[in-house]
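Colleague: I have a while to go through this one with you. Can you put it up?

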Amino acid sequence: MAHTFYLYDMDSKFVQQVDPNLRLDVKKIDERFRKMFLAMKNTVLELLTSFEKINDMKEERLRDQFAKDPDCSLNANYYEKTEKHEWGIESHLDKGLITLLYQDQTGGLEAEYEGKWYPIPPIEGTLVIIIGRMLEHFTHGVAKAAWHRVKAHKSDRISWPFFLSPSFDAKFERLDEFKWNAEKFEALEKKRRINGSGFRCGTYEPGNEFGSGTYRDWHNKYVVNANDRKNKGQIKIWELELSFMEERSKAEVDGPNKKYAPLVRPKVWRKPNMYS
Ligand SMILES: O=C(O)CCC(=O)C(=O)O
Ligand SMILES: [Fe+2]
């Protein structure tokens, strides 16, 4: 079972409009988190630019349509050691455009490719790029969303996925450049629908279909209510994290080994009661 706390980018005016009281302000948080957040955001935006170049798209095409003021969040997942038959996170697709994932050295992450599961072992100094369901949808499946899961593992585990989702006013219009793949993609979607669990996106299973409105429409319908409930609990987790961080020595934060890599590993993790 994973416990998660969530940081949001309060520079985004749209994020502020959605639920200003419940979201955690990355600006108020330790400078290290803020730098990590911004570095990850810029990296994902660069990835979108690379995707435009690789596919001979008009410059800024993806970023203009979907990522002018993207909805970003940085999560910290804490997994307790699991038994053989348990999952850290069951097989799912991430819902947004792209996820950039930092995992600690524990291992356990797996991704599916052509029906087979492969381990994605942690490699020092690397991040995992996961294409999300929305980028797949907008590109008629040319960018493939990756099924992934976290398997049982022998010790506690921490990961930090950064999710980049569209801007709130982004229109859910698919990109004509990739229409040539539409038929093939529709066939895949059909198969997924028949398989039932195929549309599971993230851990709180928001919308199965994206419709033709804006990201805000979709978000209001599928995410806001779920987050209202979750974030109340998340603030508790956040308080735990903060008190842990305050206890850490300054040398640990500012010393020679200072990195933007996650260092937060609570000595004693009290279970947040939101899950009970
Ligand atoms: O912990 C991991 O390595 C993966 C986390 C994940 O897939 C998610 O939070 O969506
Ligand atoms: Fe995921």
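Modeller: One term before we start: a residue is buried when its relative accessible area is under 20%, exposed when over 50%, and partly exposed in between. Glu-136, at 2% relative accessibility, therefore counts as buried. Keep in mind that this is a predicted model.

Colleague: What does Glu-136 form a salt bridge with?

Modeller: Its partner is Arg-133, with the closest N and O atoms 3.6 Å apart. Both sit in helix H4, 3 residues apart, so about one helical turn separates them. Arg-133 has a relative accessible area of 1%, so it is buried as well.

Colleague: How many salt bridges does the structure hold?

Modeller: The count is 5. Another of them joins Glu-110 and Arg-149, whose closest N and O atoms are 2.7 Å apart. Glu-110 is in strand E5 (residues 109-113) and Arg-149 is in strand E8, so this pair ties together parts 39 residues apart in sequence.

Colleague: Are Glu-110 and Arg-149 buried or exposed?

Modeller: Glu-110 and Arg-149 are both buried. They also belong to a network of salt bridges that takes in Lys-151.

Colleague: Change of topic, the metal. Which residues are the protein donors of the iron ion (ligand 2)?

Modeller: His-92 through NE2, Asp-94 through OD and His-148 through NE2, at 2.1 to 2.2 Å from the ion. Along the chain the donors follow the spacing H-x1-D-x53-H. His-92 belongs to strand E3 (residues 89-92) and His-148 to strand E8 (residues 148-150), so these two tie together parts 56 residues apart in sequence.

Colleague: Are those two histidines buried or exposed, starting with His-92?

Modeller: His-92 counts as buried, at 6% relative accessibility. His-148 counts as buried at 8%.

Colleague: Now the packing. Which residues touch the most other members of the largest nonpolar core?

Modeller: Leu-62, Met-134, Phe-162 and Leu-164, out of 36 residues in that core. The elements that each supply at least two of its residues include helix H2 (31-54), helix H3 (61-66), strand E2 (70-79) and strand E9 (157-167). Helix H4 (133-138) and helix H6 (215-222) are also among them. The largest share, 8 residues, comes from H2.

Colleague: What does Met-134 touch, leaving out residues up to four places away in sequence?

Modeller: Lys-95, Gly-96, Leu-97, Pro-166, Phe-172, Phe-210, Tyr-215 and Trp-218.

Colleague: You said H2 gives 8 residues to the core. Is Ser-50 in that helix buried, or partly exposed?

Modeller: Ser-50 lies in helix H2. With a relative accessible area of 33%, it is partly exposed. Its C-alpha atom is separated by 26 Å from that of Arg-216, which is 166 residues away along the chain.

Colleague: Give me the overall picture. How many helices and strands are in the chain?

Modeller: There are 8 helices and 9 strands. The chain has 276 residues, and buried ones make up 51% of them. Among contacts between residues at least 6 apart in sequence, 79% join residues at least 24 apart. The chain exposes about 14500 Å², with carbon and sulfur atoms supplying 51% of it.

Colleague: Last topic, confidence. What is the mean pLDDT of the chain?

Modeller: The mean is 73, and 62% of the residues reach 70 or more. Over residues 226-276 the pLDDT is below 50, and this stretch has 81 contacts in the model beyond near neighbours in sequence. Residues 197-206 also stay under 50, with 34 contacts beyond four places in sequence.

Colleague: And what are the ipTM and pTM?

Modeller: The model scores ipTM 0.99 and pTM 0.78.

Terms used:
Residues are numbered from 1 along each chain as its sequence is written. Chains are lettered from A and ligands numbered from 1 in the order in which they are written. This is a predicted model: local features need pLDDT of at least 70, side-chain atom pairs count only at pLDDT 80 or more; totals for chains, interfaces and linings use all residues. Side-chain values use heavy atoms; hydrogens and water are left out. pLDDT is the predictor's confidence in each residue, from 0 to 100. Contact means heavy atoms within 4.5 Å. Donors are N, O and S atoms within 2.8 Å of the metal (3.2 Å for Na, K and Ca); water is not among the atoms, so sites may look incomplete. Helices (H or I, at least four residues) and strands (E, at least two) are DSSP runs, numbered from the N terminus. Buried means under 20% relative accessible area, exposed over 50%, partly exposed in between (1.4 Å probe, protein chains only). A nonpolar core is a set of buried Ala, Val, Leu, Ile, Met, Phe, Trp, Tyr and Cys residues joined through side-chain atoms within 4.5 Å. A salt bridge is a side-chain nitrogen of Lys or Arg within 4 Å of a carboxyl oxygen of Asp or Glu. Accessible areas come from the Shrake-Rupley method with a 1.4 Å probe; for residues, only the protein chains shown count as cover.
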